[in-house]
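Me: I'd like to learn how to read a structure like this one. Could you walk me through it, one feature at a time?

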Amino acid sequence: MPRSQRLLPARPDLLPVVIGGDIGAYALARQLHDATGQRVKLLSAHPIEAIGLSAYIDVVPQVSTDTAAMIGCLRELVDGRAERSAVVMANRDSVARDLSAHREELEPQYVVPFPSVQAMDELSNKVAFARACADLGLHTPRQVEITGQDLAGGDPEIDIPFPLVGKAAIGSDWDNLDFDGKRKIYFLDTPEQLHALWEDLRRAGFDSTFLIQERIPGQDDAMRSVTAYIASTGETTVIGSARVLLEDHAPTLIGNPVAMITEPYPQLWEGAERLLASVGYRGFANFDIKIDPRDGRAVFFEVNPRIGRNSFYMSAAGVNPMAPMISDLVDGRPGPRREARGEVLYSLLPHHLVLHQLDDPALRRRVLRLVPRAVDPLLDPAERSPRRRLLVAAQKLNHDRKFHRYHPKPLLRRRRPADEY
């Protein structure tokens, strides 16, 4: 969207604050800037260069990642400010939990658009999530729960046939664990790979809960994302969704969508809303759902207690979720329900790479049709730095190397003329 066509309200009463230093943090800063017209304070020890070179982000160096230090820094930023005059956003489970747990220390100056710790425990814990889904008739993958204590006694018995998926049950616990070879999601094809995982967890001193799940078949494009905001009244005032085209396949980022087409999925919205309502959820939520190609069922994988790394697809589809949230928590006006129904290609990748990686001819045709209006959160017309533009362009091209390494496709696919797609 050209800068001149943006609605940039003057909200000098508001201080937008973002915690984090990756692409998702930049997207949050851009959305907050678009919603308020104000410069954004961003807390990070090592932000990406695209953030450091931004025209409207002021980086506040985080010397320590300790929770107390983070809360102290946030309080310093609002010292002397009026009530409800700042908003804080983040996109890591551990930070979301810390902000929720320290809500009373941050209020009344800040509004904190995250669910209560109780709601997090009831849904973002993937064990509790599966139980809540079962109570409402929503499908989840078959899974086995393994605790750190189980691992101490040797390799657990898993009664689910390969191939399998492994992931932590509690995202915040996983965020706080560090070891060589750590991944967000593990795809396990053999008993040897499963044994190696157990050994890694034992060496890392893992003491939370780990899940081994059946692997639902289907490519990246079987995944769906649903994003919602539940206002202080309990009503859903923002909802939207996207069909994933491609996910990142690098080990530390595996499963993160990098190309999507926004489109409405009302049946998925209904299931997500019922689930959130069942625990009195408030704030932002993001669901990962897969359509099982064997029977067309929607399989709910998890809900993130935050807006999600790719939240900018909502803005691309017509609804900047920061504006309704500010109206609700700052102005006390929850407002009407807003549904992001626009069809837009959201992509962090070069367009040729998206076309090269997709196997479905119908999806390739859709991508070609949507390319002229494609949206990349990093490509903000408000950013005037030539150095930044070159940096972002180089980062996009770097995805070629990553996909060639971790998700290779035959190079001859690129030689097909466009009309064959």
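Reply: Happy to. Let's begin with pairing: two strands pair if DSSP finds at least two bridges between them. Keep in mind that this is a predicted model.

Me: Which residue stands opposite Thr147?

Reply: Thr147 faces Thr209, a residue of β9. The two strands concerned, β6 and β9 (residues 209-214), pair in the antiparallel sense over five bridges.

Me: What holds strands of a sheet together in general?

Reply: Strands of a sheet pair through backbone hydrogen bonds, and the pairing is either parallel or antiparallel. Here, four strands make an open, antiparallel sheet in the order β6-β9-β7-β8.

Me: Why is one side of β6 and of β8 left without a neighbour in the sheet?

Reply: β6 (143-147) and β8 (186-188) are at the edges, and each has a single partner strand, so one side of each has no neighbour in the sheet. From one strand to the next, the twist averages 25°.

Me: Which helices pack on the sheet?

Reply: Helix α7 (residues 126-135) packs on the sheet and touches β6, β7 (164-168) and β9. The direction of α7 makes about 150° with that of β6. Helix α10 (residues 191-204) also packs there, touching β6, β7, β8 and β9. The direction of α10 makes about 170° with that of β9.

Me: How do I read a pair of helices, say α3 and α4?

Reply: Look at the distance and angle between the axes, then at the residues that meet. The axes of α3 (residues 67-77) and α4 (residues 93-101) come within 11 Å and cross at roughly 65°. That crossing is right-handed. Thr67, Met70 and Leu74 of α3 meet Val95, Asp98 and Leu99 of α4.

Me: Is Ser225 buried or exposed?

Reply: The cut-off for buried is under 20% relative accessible area. Ser225 has 4%, so Ser225 is buried. Ser225 lies in strand β10 (residues 223-230).

Me: What does Ser225 touch?

Reply: Leaving out residues up to four places away in sequence, Ser225 touches Gly240, Ser241, Ala242, Met260, Asn286, Phe287 and Tyr313. With Tyr313 there is also a polar contact of 2.9 Å between the side chains.

Definitions and conventions: Residues numbered from 1 in each chain as written. Predicted model: local features only at pLDDT ≥ 70, side-chain atom pairs only at ≥ 80, totals over all residues. Heavy atoms only, no water. Axes fitted to C-alpha atoms, helices over the stretch in contact; angles between N-to-C directions. Contact = heavy atoms within 4.5 Å. Buried < 20%, exposed > 50% of the residue type's maximum accessible area, 1.4 Å probe, protein only. Polar contact = N/O pair within 3.5 Å; in protein donor to acceptor, adjacent residues only side chain to side chain. Left-handed = near helix turned anticlockwise from the far one by under 90°.
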